[in-house]
Amino acid sequence: MATEQTINRLREIIERIKSIDRAKLIRENLGEESLANEIEPVLNNIDKRIEFALLYSGSVYDSVVGNVTSIFSVIYDKINAQCNVSSADFISRKREFISQITNDLDNLNQHWPHFICAAIEQRGFLEDEGIRQEYSRKVEELRGEAQAAVSEVKKQSNEAIEEARQLAKQIEERARRTATKISVEEAKNQFKEAQKDIKNKAIFWGVSSLICIGIFLYVAYYLIEHAQPPKDIGWYIFYYTAMRLVILGVSGGAAAFCLRIFRAYLHMNQMNLHRQRVANSIAAFVESAVTPEQRDQILMRCVDAVVSFGPSGLLAKERGEDQMPLQRMPVEVISKCVAGSAQQH
C-alpha cells in the first residue's frame, strides 16, 4: 500500500492545483479567445479526480499513487505555465494546452482502476452484507426524504387550505355587505361635508337678514324723525310719499329675501342632520334583522328615510309668496307718479 510520504506528496500536488488562480487561466477579458467554455469541464473533471485519489490513496499500491502524483504534477505545471504567458501566447497556445491536458487525463485513466477497486472494497460492495447494508441505508435515506417531502407538502396544503378558507370568508362577508348595502361610510362622509357648507351659508344669510332688518328699521326711523316734508309742498306730497315707500319697499324686500333664504337653509340644515342620523343607524338596524328578507325591508325603509325628509314646519307652502304686496307696491306707485308728472308737463 502507499506510504505516508507518497500520500503527502500527492496531497501537496493537490493543494497546488487547488491554489491555481482560475481567473488568470480562463481570462474572460479576451472575449471569444478566453477558455471560459473549453476549460470548465476539464477543471471539473480534475477536481473530482484529485478528491477521489486522495480519499482512496491509502488502499492503492505505492507505485500507482506515485504515477498518479506525477501525472497531477505535470497537469499542474502546464496549467501554471498557461496562467503566466502573455495574451498573445495564451491565444496561440490555447488549443495545444487543451489537447495536452486532455491527454494527461487519458493517461490518468490507466491507473484509475486501482482507485476504483479500493473504493469498492472500502465501501463493502464485495460482500453481500455490505450491499445489503448500503441498500438499507439508501432505502432509509430515501424514506426519510419522502417523509420530509410529504410533511412539507401536507404543511403547505394546510396553509393553502387555511388561506383559501380565510379568503372565502372575506369574500362571503364582502358579498353579504354588498348584497345588504350596508356600506354607508361614503354617504356619512358626504353628509358630513355637506353639513359644513349648509351651516356656513345659514349663518351668512342669518347675518344678512339681521343687517337688512336693521337697515329697514333705520331707514324708517330716519324718514319719520329727520326727513319731514316742507309745509308748502302742495301736490308734490304724493311724489314725496312715493319715494319714501320705494325706499322702504326696497329695504323691506331685501330683508324679506334674506329671511326666505335663511329659512330655506335652516330647513336644509335640519334635513341634512336627519339624514346623518339615519345613515349612522342603518348598519345597526340592518344587523338586527334575522333573515335576508327582513334586512332588505329594513334597508328599504332606512333609505326612504334618507331620501325623503318630509315636512319640517320651517318651510311652509305659501301661494303667491313670490309676489308679495310689499314688493309690488313700490313699482305701482312709481308708475303712477311718473304718469301724473308727464301729464302735467
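Colleague: What share of the 345 residues of the chain counts as buried?
Modeller: This is a predicted model, numbered from 1 along each chain as its sequence is written. Local features need pLDDT of at least 70, side-chain atom pairs count only at pLDDT 80 or more, totals use all residues, and side-chain values use heavy atoms, without hydrogens or water. Buried means under 20% relative accessible area with a 1.4 Å probe, protein chains only (exposed is over 50%, partly exposed in between). Of the 345 residues, the buried share is 28%.

Colleague: How many helices and strands does the chain have?
Modeller: Both are DSSP runs, numbered from the N terminus (helices: H or I, at least four residues; strands: E, at least two). Along the sequence the pattern reads α-α-α-α-α-α-α-α-α-α-α-α. The count is 12 helices and 0 strands.

Colleague: What part of the contacts with a separation of 6 or more joins residues 24 or more positions apart?
Modeller: A contact is a pair with heavy atoms within 4.5 Å. For residues 24 or more positions apart, the share of those contacts is 81%.

Colleague: Which helix gives the largest share of the lining of the largest cavity?
Modeller: The structure holds 1 cavity of 30 Å³ or more, and the largest has about 40 Å³ of space. Ile17, Ile20, Arg22, Leu25, Leu43, Ile46, Asp47 and Ile79 line the largest cavity. Helix H2 (22-26) and helix H3 (39-56) each supply at least two lining residues. The largest share, 3 residues, comes from H3.

Colleague: How many nonpolar, polar and charged residues are in that lining?
Modeller: Charged residues of the lining include Arg22 and Asp47. Ile17 and Leu25 are among the nonpolar ones. The lining has 6 nonpolar, no polar and 2 charged residues.

Colleague: Is Arg27 buried or exposed?
Modeller: Arg27 is found in the loop between H2 and H3. Its phi is positive, about 55°, although Arg27 is not a glycine. Its relative accessibility is 11%, so Arg27 counts as buried.

Colleague: Why is the pair of Phe204 and Trp205 described as it is, and what kind is it?
Modeller: The whole structure has 5 aromatic pairs. Rings of Phe, Tyr and Trp (its six-membered ring) pair with centres within 6.5 Å; planes under 30 degrees apart are stacked, over 60 edge-to-face, the rest tilted. For Phe204 and Trp205 the centres are 5.3 Å apart and the planes at 75°, so the pair is edge-to-face.

Colleague: Which residues do ring pairs link into a cluster?
Modeller: The search of the whole structure gave 5 aromatic pairs. Ring pairs make a cluster of Phe52, Tyr56, Trp112 and Phe115.

Note on methods
1 Å grid on protein atoms, 1.4 Å probe; cavity = no way out; pocket = protein on both sides within 12 Å on 5 of 7 lines; lining within 4 Å. Points joined across faces, edges and corners; volume = space filled by probe spheres on them.
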